[in-house]
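Here is a walk through some helix packing and a few loop residues. Have the sequence and the model open as you read.

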Amino acid sequence: MGEVYLDDRFKGVMLGLAIGDAFGYPIELMNYDAICERFEKKGCLDLAVSKRTGTALFTDDTQLSLFTADGLLWAHSAGADDGQVNYEDYVFLAYQVWLYTQTKTVAGKEYAWLFDPSQNAYKLRLLKAKGLYKKRTADTKNIDALLKIRNMAYGTPENRLNDNKDNGAVKRSAPIGLYFYNDTRKAFDMGCRCGAITHGDPVGYITAGCYAAIIAEIVSGAEIEDAVKTVISLLDNVADGEILAKTLQYALELVNNADIDPMEAVKKMGYGFEAYEALAISVYCAVLHNESPRYAIQLAANHDGASDTCASMTGAMLGAYFGEQGFPKSWVEKLQYKNLISAMADKMLKIVCSSEDDVVDESDED
């Protein structure tokens, strides 16, 4: 592999998570036999394109990831990088905006100012992307949690609001790893805090922290397996982190077990509906096929569980490693909102590198 520049890695993460999500979307919740019956003998092997839009459509995994990124950018504009405000406040507000795209409502009238340009100086660019309003396997746990949070009283690791531990928090956390790519511990801590906004079980939010930290390590130049090992070590000093350390270690052990069929290994880690299962499957696929994003995504998607989330997280890890060029060019070109996604990655990079600001593409694809 030739040299991969930082801008390639940023774009690789954002495009990779969307590509994996779009790859898994048509086969989400289908068992493997049904997938093979509908597609090919070995499952779904290519990115499907919608006849209506002419693009590969993604789900709420990508939607929420884009709103996570926008929340971090919003926090930057409000002074979070100078310690004036909390990043989590603005990530939460971005999630309220996402909630509006899915339900046409927010948790309470105290959030009405978000949509009034005379009161909210931040430009909500994502509201102009009409395709982001589409309900594509919208996460009910995220929606239900966000609808209950009044007056900014969102969940934190210190004040947990529920016992959610599904994959709803982890799947949206890759942009946190990008934003804090040069500080793995910060990426982990912020991943946990932003995950706890809606997911109160430690498994739910610590998994989000682990995923963000793995992305940060890979973007910084680590090998994928080494990034996972670093996060395992980091968990030694994290309360309630033991189950995640064991989960990640088990995924690596399966990678090194030459006697087990990869699809059987994926089954051993579960269906991907729980946060720790999704992370384990994604890590396994990314490390096992660390030289081929195509094969990694195919493996992560073609199983009986959460095909979109597992493939999305796998795609983000491989994108962090290879950059945009690691994916088949045809996949990138087919992706819905590829310009918007790339521009969001560029904007995050320029901010974290203290470079000149840019404008996100606002094309109204559907």
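Where is the place of leucine 93? Leucine 93 sits in helix α4, where helices are DSSP runs of H or I with at least four residues, numbered from the N terminus.

## Ground rules

This is a predicted model, so to speak of local features a pLDDT of at least 70 is needed, side-chain atom pairs count only at pLDDT 80 or more, and totals for chains, interfaces and linings use all residues. Residues are numbered from 1 along each chain as its sequence is written, and side-chain values use heavy atoms, with hydrogens and water left out.

Setting aside neighbours within four places in sequence, leucine 93 is in contact with Trp74, Tyr111, Trp113, Leu114 and Met152; contact means heavy atoms within 4.5 Å. Leucine 93 and glycine 195 are 102 residues apart in sequence, and their C-alpha atoms are 14 Å apart in space.

Helix α3 (residues 60-78) packs on α4 at about 140 degrees, with the axes 7 Å apart. Here the axes are lines fitted to C-alpha atoms, for helices over the stretch in contact, and angles run from 0 to 180 degrees between N-to-C directions. That makes α3 oblique to α4: angles under 35 degrees count as roughly parallel, over 145 as roughly antiparallel, 65 to 115 as roughly perpendicular, and the rest as oblique. The residues that α3 brings to the contact include Phe67, Leu72 and Trp74, while those from α4 include Tyr90, Leu93 and Trp98. By class, the contact of α3 with α4 has 14 nonpolar, five polar and one charged residues. For the classes, Ala, Val, Leu, Ile, Met, Phe, Trp, Tyr, Cys and Pro count as nonpolar, Asp, Glu, Lys and Arg as charged, and the others, Gly among them, as polar.

## Helix α7

Helix α7 (residues 184-195) has 12 residues and reaches 16 Å from its first C-alpha to its last, close to the 16 Å expected at 1.5 Å a residue. The expected span is 1.5 Å times one less than the number of residues.

Which residues of α7 are buried? They are Thr184, Ala187, Phe188, Met190, Gly191, Cys192, Cys194 and Gly195. These buried residues pack against α4 (87-103), α6 (174-179), α8 (202-219) and α9 (224-234).

In helix α14, 16 of the 16 residues are buried, so the helix is largely enclosed by the rest of the structure. Its end C-alpha atoms are 22 Å apart, which agrees with the 22 Å that 16 residues should span at 1.5 Å a residue. Just after α14, glycine 323 takes a positive phi of about 80 degrees.

The axes of α8 and α14 (residues 307-322) come within 7 Å and cross at roughly 25 degrees. That makes α8 roughly parallel to α14. On the α8 side, Tyr211, Ile214, Ile215, Ile218 and Val219 meet Ser312, Met313, Ala316, Met317, Ala320 and Tyr321 of α14. This contact divides into 10 nonpolar, one polar and no charged residues.

## α12, α13 and leucine 288

Helices α12 (residues 275-288) and α13 (residues 293-301) pack at about 150 degrees, their axes 8 Å apart. The two are therefore roughly antiparallel to each other. Tyr284, Cys285, Ala286 and Leu288 of α12 make the contact with Ala296, Leu299 and Ala300 of α13. Those residues divide into seven nonpolar, no polar and no charged.

Leucine 288, found in α12, counts as partly exposed at 28% relative accessibility. Leaving aside neighbours within four places in sequence, leucine 288 is in contact with Val255, Pro262 and Leu299. Leucine 288 and valine 255 are 33 residues apart in sequence but 5.6 Å apart in space, C-alpha to C-alpha.

## Two loop residues with positive phi

Asparagine 151 has a positive phi of about 55 degrees although it is not a glycine. It lies in the loop between α5 (140-147) and α6, and is exposed, with a relative accessible area of 59%.

Aspartate 240, also not a glycine, has a positive phi of about 65 degrees. Aspartate 240 lies in the loop between α9 and α10 (242-255) and is partly exposed, with a relative accessible area of 46%.

Conventions
Buried < 20%, exposed > 50% of the residue type's maximum accessible area, 1.4 Å probe, protein only.
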